[in-house]
Number of protein chains: 2
Amino acid sequence: MEMGLRSFTVYDMYKRNASIFKDRIAVQSERGKVTYRELLDQSHRVAGWLKGKGVKKGDRVAVLAKNDPYFFPLLGGLSAIGAIMVPINFRLSAEEVGHNLTNTEPVAIVVDPDYEKMVLELRSLCPSLREFITFGSGGGFYHSFEVLLKGEPASPILLDGDDPLVIMHTAAVQGKPRGAVISHHNLISCSIQNIALMGLTPEDAYLNILPLFHIAGMIGALIMMHVGGRNVMISKFDPRVAGKLIDQEKVTMIGDFPPILLQLLDEQAKGEFTLSSLKHIFGVDLQETVKRFEGLGYGQFWLAYGQTETMGLTSVCANRERPGCAGKPGPLVELKIVDEFDREVETGKVGEILVRGPLVFHGYWREEELTAYTFREGWHHTGDLGRLDEGG
Amino acid sequence: MEMGLRSFTVYDMYKRNASIFKDRIAVQSERGKVTYRELLDQSHRVAGWLKGKGVKKGDRVAVLAKNDPYFFPLLGGLSAIGAIMVPINFRLSAEEVGHNLTNTEPVAIVVDPDYEKMVLELRSLCPSLREFITFGSGGGFYHSFEVLLKGEPASPILLDGDDPLVIMHTAAVQGKPRGAVISHHNLISCSIQNIALMGLTPEDAYLNILPLFHIAGMIGALIMMHVGGRNVMISKFDPRVAGKLIDQEKVTMIGDFPPILLQLLDEQAKGEFTLSSLKHIFGVDLQETVKRFEGLGYGQFWLAYGQTETMGLTSVCANRERPGCAGKPGPLVELKIVDEFDREVETGKVGEILVRGPLVFHGYWREEELTAYTFREGWHHTGDLGRLDEGG
């Protein structure tokens, strides 16, 4: 069987969308509007520039930056050449960022101007780093990302759906960051599952409030890409600015962790904007806040359970259907609750949540023993406690 | 990596649905209503009975029957033990049915009363056949399917998403039937893609007018299963009976090949039923008929292109968006048009349609050369002609 025949990678999604959605807006921001056709072209150019610098399949490219529209051509370019993105939480200390770099040994790093200095100081820690790229204007050690966008377009290489595209670090255990290896197929499966669950269409638009280095933020953006809607960028969350943008750009979906929604609702109450276009909010919040949003009568809240290892939006449920629940296994998710001996417990009893299916990550980077332990008996052991009730 | 960790099989779908949708109706027919929980139990019993008769992973089980609600526990039972369903077109001649049997060498066959005699006469042709099962009352050579439903429940075996679940014969070439080998993952990918495209929910209901031995009929039924809606069965298509049933059971989706919709519309015009619940019709028909349906103002027509080898609903497009087009590549489909030298042709030019992605079948049963030829260059060569226009 030919490799790739039955794959559908994140690059394939960019390509399909360029063919179907053409001049529709894929990404919009203060930098302007980018159509799906332009986004594919930009991705080919980024791929070409990186290839020219010797970046090849399996090489890691780190990203340490606040949300930026250039995240999208970067992801597309890396997808095309089979390289792996290592998005780093910009709120980490320099020491922790250094850990993530030494753990993954990237050959290139992309930063925004705020982190140019920090990364240069970390250089000696991470001798694998050859290329320094900035979303800013560049100079010194740094190539401006604009230069990559002017690269000679490269053809994509053939990949398998199980090839890795992202290494995302989860909470450090004993000071040691664990990198979850995430494949093309993991991301695509999660995005299509949630398009199906929420019933999204190309008319939808997502405001990127959640950070793209986090699985929930990355999946939110990919869901909107995959369905052919608009990704609207905001440089920094400010409830008043975000609320006005939601009205102005007819944003239909956001992700939420406290206190995002509460702050938006408090601002909304002042009357400068309505939030009336918001049909979907996914995430986790207090019932009080969720009900306040639903009380506006505009949209619904999708309660979600997940972790980086299971693509974030693993188990999702409309709050209206079961207020306060932790979601229901999505249409591509198998989930069970077990006791300490891996025996399934009765409905209603608390135990460890086990997950199987295409949303399960491919293991911890360079942690074979830990990976084997996590995947024992053919299930991903989340380490999280939960219970199934009669509603699922 | 453990097998099954990242799989999601048709059996896994049955299991998830039993946990989430529990007492919601999965299948309804003249035989009564079956809930998702009952359907999983029935599937375990069918699996147990078959296992008891020595049916094992990879064994083929043929089906020669008109649409019957027992199709669903049969498919669930086969999924659980990794056996392969060979659905046979009941409109074929005895000789052609014989070809399909000798090609796949099933160990068991399931028929409805109309085909009991024909199959017994074909026995000598197919010595592999050990078990004869009927959807009728049984007797003589035949076990009634009711007996299988009373079997001792069996536990499922661990499968991979790429394991085959169906061999479906496509149009015979030079009198030789070609069996398309279809995996769990093929079917699941197609169902989730089309749930996402059409925006279906557990409130939807599908009337099985299309035959289940055909890929469009099988996928229509699976889409409705996967989303947690109701599969409504009808023994034989009669436009008046079907129309009344659509109104009575609030059916929201049907599949269509001429003359189904035309006949339904002609009957509807007589005023005995409205079709007002019908939100979605997928299939192929004359623009005149499609427009007449859309003119009622109740629902939309989804134009589809596909073949057995690509799970039927490969390329789908709302007629309203582009009247008369042959669909747009679905969210898990990559498609290109090439000339006789496999070179991609310009937009607007006619050429052969090539398909890649999780909807591509696993090859023709026992036809290695033909399979290799069909899959050359890492694409499935459909043999169909088409062109991409500016709309995709």
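A salt bridge is a side-chain nitrogen of Lys or Arg within 4 Å of a carboxyl oxygen of Asp or Glu. By that rule, four salt bridges cross the interface of chain A and chain B. In one of the salt bridges, Glu334(B) pairs with Lys15(A), and their closest N and O atoms are 3.3 Å apart. Before we go on, please keep in mind that this is a predicted model, in which local features need pLDDT of at least 70, side-chain atom pairs count only at pLDDT 80 or more, and totals for chains, interfaces and linings use all residues. Residues are numbered from 1 along each chain as its sequence is written, chains are lettered from A and ligands numbered from 1 in the order in which they are written, and side-chain values use heavy atoms, with hydrogens and water left out.

Let us stay with the two chains for a moment. The contact (heavy atoms within 4.5 Å) takes 46 residues from chain A and 46 residues from chain B. Together the chains bury about 3,700 Å², 57% of it on carbon and sulfur atoms; buried area here is the accessible area (1.4 Å probe) that two parts lose on being put together, summed over both.

Now look inside. In soluble globular proteins, nonpolar side chains tend to be buried together. A nonpolar core is a set of buried Ala, Val, Leu, Ile, Met, Phe, Trp, Tyr and Cys residues joined through side-chain atoms within 4.5 Å, where buried means under 20% relative accessible area, exposed over 50% and partly exposed in between (1.4 Å probe, protein chains only). The largest such core has 226 residues, and Leu187(A) is among those with the most contacts inside it. Leaving out residues up to four places away in sequence, Leu187(A) touches residues including Val10(A), Ile215(A) and Met311(A).

Next come the strands, which are DSSP runs of E, at least two residues long, just as helices are runs of H or I of at least four, all numbered from the N terminus. Two strands pair if DSSP finds at least two bridges between them. In chain A, an open sheet of three strands has the order β17-β18-β19, with antiparallel pairing.

Antiparallel pairing links β15(B) to β14(B) over four bridges and to β16(B) over two. Ser315(B) is the bridge partner of Tyr305(B), and in β16(B) its own partner is Pro329(B).

Finally, is Pro202(A) buried or partly exposed? Pro202(A) counts as partly exposed because its relative accessibility is 29%. This proline lies in the loop between α7 (184–198) and β10 (205–208) of chain A. Apart from neighbours within four places in sequence, Pro202(A) is in contact with Phe21(A), Arg24(A), Val227(A), Gly228(A) and Gly229(A).
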